[in-house]
Amino acid sequence: MLSLLIWLPIFGGLYVALLGSRVAPVHAERDAIAIAALTFIASLALWAGFDATRATMQYVELLPWIPALNVNYHLGVDGIALPLIVLTTFSTLLVILAAGASVHGRLAEYLGAFLVLAGLMIGVFAALDAILFYVFWEAMLIPMFLVIGVWGGPRRVYATIKFFLYTFLGSVLMLIALLWLYFQSGTFDILGMQQQPLSLDAQNLIFWAFLAAFAVKIPMWPVHTWLPDAHVEAPTGGSVVLAAIMLKMGGYGFLRFSLPITPDACRVWAPLMIALSLVAIVYVGLVALAQRDMKKLIAYSSISHMGFVTLGFFVVFAFATVPAAAHAADLALAGAMFQMISHGFISAAMFLCVGVLYDRMHSREISAYGGVINPMPRFAAFMLLFAMANAGLPGTSGFVGEFMVILAAFQVDFWIALLAATTLILGAAYTLWMYKRVAFGEVARPAVAALKDITPREHLVLTSLAAVVLLFGIWPAPIIDTSAASLHELVQQVARSKIP
Amino acid sequence: MLHALAPLLPEIWLLTAACVVLLAATAKRDAASLAYHLAIGALAINALLVVAVRPTASSTHFFGQFQADPVAALIKLAATLMFLLLLSHARDYLRVRRALTGEYFAIALMALLGIMVLASAASLLTVYLGLELLSLSLYSLVAMHRDSPTAPEAAIKYFILGALASGMLLYGMSIIYGLTGTLDLARMAEVVTVAEGPNTPLFVFGVVFIVVGIAFKLGIVPFHMWIPDVYHGAPTCVTMLIGSAPKLAGFALGYRLLADGLPELAPHWAGMLVLLGTASVVFGNTVALAQTSLKRLLGYSTIAHMGFLALGLASATQPGFAAALHYAVVYGVVSLAAFGVLIWMGSDGRDADDLTELRGIATRSPLIGALLVVIVFSLAGVPPFVGFWAKWFVLKELVAAEHVTAAVVAVIFSVVAAYYYLRLLKLAFFESPDSRTPVPEAGRVPALVSLNGLLLVLMGLFPSALLTACLTAVRA
């Protein structure tokens with residue numbers, strides 16, 4: 001089942017890309033939509049058959065890959081990976097649906113690249129063998145590198161090479177840490193590595209090697225600088241996938257590797273991580289306020305929101321060892337997890353909104369717009385909803401995760417919670433101010449007056465996103481229940497010292 | 001007698017075939033074509049013979065001069081298959097330039113014979129015999145274009161530096177011989193059973209010169225100076241030859257002398273190789289950043305790659321040697337594909353060398369674009385392509401041998417390397433071409449390079465076969 005989810009989009013994508021240049025773009029698009037839809041349906045079936053009451057890995061597949069060196073083709077999902085896989089297939093489907101309007105030239109190759117990318121990303125979330133995980137983790141860079149470089153904006157070459165080198169540097173250090181762990185534990189099985197006792201010194205080194213990979217990916221301040229560049233230059237679909245899924249891989253890495261493999265080092269470094277998260281939330285939020293470019297603004301807002309995720313991960317260490325506060329630890333992790341999923345929807349929606357405007361005006365400058373609500377009322381309504389969700393309005397999914405993390409943070413320290421809560425003000429300030437300057441006011445420019453409202457295809461994409469944002473805002477239980485058992489297991493794992 | 005010679009059958013066959021090809025090259029009509037077909041036939045039969053006489057365990061023959069073991073068999077088979085591809089490319093390359101001669105094929109067969117003798121060497125004499133047979137063939141191949149402005153210079157440089165290195169190697173060998181009183185590598189390993197003793201400084205002195213010789217043949221820092229000039233000066237089909245199969249010979253040289261002959265001195269030579277290997281990875285990748293010529297760029301990238309190979313040897317464990325052997329095979333296959341693309345781009349008779357010639361090539365010929373993706377990411381060591389497994393295996397054994405610092409330096413400079421590799425893709429994909437005409441396709445070059453590229457993908461997705469083969473060969 002998991003293999004199908006991984007290889008269907010990869011082979012489908014290669015098929016679309018290779019045959020695409022011989023057939024009309026419409027046909028390539030039709031094939032790509034069919035493949036993406038099938039993958040999405042398969043992932044829903046996966047969810048339907050998932051037993052959320054168990055914390056163990058499900059749908060496990062184990063085949064020898066390199067038996068002589070103990071490397072296996074080992075797949076499986078738990079409550080942490082599953083929502084991210086569904087998020088991946090959902091976002092990919094939206095990206096493919098939205099691509100036709102914004103990509104001119106080599107459409108088939110573009111769609112193919114995104115399908116391949118989707119398969120590789122599902123592989124990252126499903127891999128249970130460290131080397132298999134690394135293969136997917138790195139291979140994913142290749143299609144993204146090409147997508148930004150071929151279909152990106154004017155500074156695309158700089159942005160895409162920066163993106164590649166940054167993430168590559170982080171990952172190779174992780175590779176060394178994984179190899180070293182192999183010689184300690186004798187297995188490349190991630191779950192086996194999680195059981196390996198390690199001295200604090202060893203844990204510290206491994207923690208930093210993992211941090212190099214995951215902090216760059218998620219990204220944490222101060223190694224976030226590749227993200228605004230990559231987002232601004234990437235085509236709409238690239239931005240959506242980057243924000244909605246690739247950033248989550250950093251978070252997933254923390255949950256799957258850093259926290260369970262090096263819990264004691266995490267405890268030692270938790271104050272620093274919390275501090276960096278708060279810097280991301282407050283300082284990067286202020287930076288977002290100063291942006292003139294819409295995509296850059298959303299990129300900084302993503303970094304700020306990801307600060308909540310890392311905050312949620314590391315406040316756990318303040319009370320994981322206190323049995324009375326175990327509930328707060330669960331709450332923090334569940335909040336961070338929910339925030340990852342919710343941000344996937346909201347950032348995708350925001351980037352798609354910018355994409356809709358960019359396709360019509362070919363400008364991302366906020367000052368190039370003004371009064372968009374007049375020619376495009378329906379679009380402006382959607383964008384308002386997503387802007388509110390981005391600001392964390394109760395009733396939207398953006399509120400739930402942030403609120404849970406802040407609640408948990410309160411039990412640690414009032415000031416941490418207070419600083420984290422400033423995001424509700426800052427987020428509202430930069431998002432709504434941007435919305436005001438883009439949508440409201442007099443129509444000052446003739447180009448804006450000539451704008452046409454959204455097409456049925458765009459309508460479909462934005463409606464489905466609006467539906468999930470509202471649905472999970474009002475009824476977050478499906479996501480929280482799916483991951484609760486696995487996260488609870490993780491909290492218990494984290495609470496145990498691994499120092500022999 | 002015949003039975004005793006059976007393990008040498010491939011070498012005997014190849015020597016005979018090389019002589020026949022040389023004679024055929026003097027035929028009156030179609031000499032070159034005849035020589036080519038004979039050479040290809042000889043290689044095909046050679047591959048079959050290597051498989052037919054492959055041993056499962058190590059044994060010594062021919063008065064203790066020749067050993068048949070699975071490592072040698074693996075090297076011979078890989079080298080023979082690489083030569084099959086090499087000669088096919090060379091024929092098309094030379095024909096377009098009206099430089100097709102039969103001698104090329106005869107000398108190439110001699111070079112292969114050198115690699116095979118070296119791979120099976122059981123004594124210092126055979127090591128040297130194989131090495132010189134290979135080197136002399138390569139010198140003359142580089143000089144083959146006597147009217148070219150760069151080739152003779154490259155050949156002289158290669159010859160003088162190569163002769164110097166051979167001299168160093170001989171000096172080291174003579175010291176070791178003087179201390180142990182034997183040329184036989186297995187006997188030598190028995191005599192040198194104690195790493196520390198009154199003779200240790202002398203042994204280390206000898207080992208230094210032997211390591212220098214190996215480092216030169218591999219082309220690692222600081223004995224790398226010949227690589228960029230020779231790569232750049234030689235005709236592309238000869239650069240391709242130097243850049244692929246002889247790396248296996250470099251591995252064989254190190255493996256036979258150090259692992260077979262001087263295992264007890266491992267702490268000494270491993271330390272030297274870690275230093276040289278790390279320095280190569282650092283230096284090669286840094287200098288490659290500044291190159292504007294494709295062949296020089298590949299030359300500096302070779303220096304870095306051979307640094308990785310040396311790091312594999314430096315682990316001084318059986319899996320470490322397997323990793324180095326695997327690296328040599330993989331690098332050979334990747335480099336064949338890279339030079340294959342260069343040969344394809346030079347199908348109009350002009351050598352493609354400047355980086356800017358790649359500009360927009362993916363638009364002109366999408367197939368070259370796809371191949372470049374596979375090749376570049378293989379060279380850079382990004383999964384799922386085969387180059388990743390080669391680097392991964394070496395790093396794994398380095399970490400196992402507790403050279404973690406060297407491993408960290410090596411991966412960091414692999415990121416540096418990614419920059420200049422990505423620049424190739426940037427030129428090919430992100431820039432618009434000067435002309436819209438597809439790159440001309442001469443002979444079977446496109447088909448062969450595509451096959452080669454497919455091999456890189458398959459070896460990347462199914463790495464087990466080659467990795468296991470290397471491991472079991474070294475352990476036998």
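1. A quick convention before anything else: a residue is buried if 20 or more other C-beta atoms lie within 10 Å of its own, exposed if 12 or fewer, and partly exposed in between, with C-beta atoms placed from the backbone. By that count A:Gln493 is partly exposed, because 17 other C-beta atoms lie within 10 Å.

2. Some housekeeping. This is a predicted model, where local features need pLDDT of at least 70, side-chain atom pairs count only at pLDDT 80 or more, and totals for chains, interfaces and linings use all residues. Residues are numbered from 1 along each chain as its sequence is written, while chains are lettered from A and ligands numbered from 1 in the order in which they are written.

3. Staying with A:Gln493: this residue lies in helix α20 (residues 477–495) of chain A. Helices here are DSSP runs of H or I with at least four residues, strands are runs of E with at least two, and both are numbered from the N terminus. Leaving out residues up to four places away in sequence, A:Gln493 touches A:Gln194, A:Pro260 and A:Pro263; a contact means C-beta atoms, placed from the backbone, within 7 Å. A:Pro263 is 230 residues apart from A:Gln493 along the chain, yet their C-alpha atoms are separated by 8.1 Å.

4. Chain A overall has 20 helices and two strands. Its C-alpha trace spans about 70 × 55 × 40 Å along the principal axes. Of the 500 residues, 62% count as buried. Take the contacts in chain A between residues at least 6 apart in sequence, and 81% of them join residues at least 24 apart.

5. Chain B comes to 21 helices and two strands. Along the principal axes, its C-alpha atoms fill a box of roughly 70 × 55 × 40 Å. Buried residues make up 61% of chain B.

6. Now the interface: 29 residues of chain A are in contact with 26 residues of chain B. On the chain A side, the elements that give two or more residues are β1 (58–66), α5 (130–139), α6 (141–151) and α7 (156–185). The most comes from α7(A), with 14 residues. By class, that side of chain A divides into 25 nonpolar, two polar and two charged residues. For the classes, Ala, Val, Leu, Ile, Met, Phe, Trp, Tyr, Cys and Pro count as nonpolar, Asp, Glu, Lys and Arg as charged, and the others, Gly among them, as polar.

7. One helix pair in chain B is worth a look. The axes of α4 (residues 70–96) and α12 (residues 246–261) of chain B come within 10 Å and cross at roughly 165 degrees, so α4(B) is roughly antiparallel to α12(B). Axes are lines fitted to C-alpha atoms, for helices over the stretch in contact, and angles run from 0 to 180 degrees between N-to-C directions; under 35 degrees counts as roughly parallel, over 145 as roughly antiparallel, 65 to 115 as roughly perpendicular and the rest as oblique. The contact is made by B:Val71, B:Ile75, B:Ala78 and B:Ala79 of α4(B) with B:Leu248, B:Ala252 and B:Tyr255 of α12(B). That contact has seven nonpolar, no polar and no charged residues.

Notes. Two residues are in contact if their C-beta atoms, placed from the backbone, lie within 7 Å.
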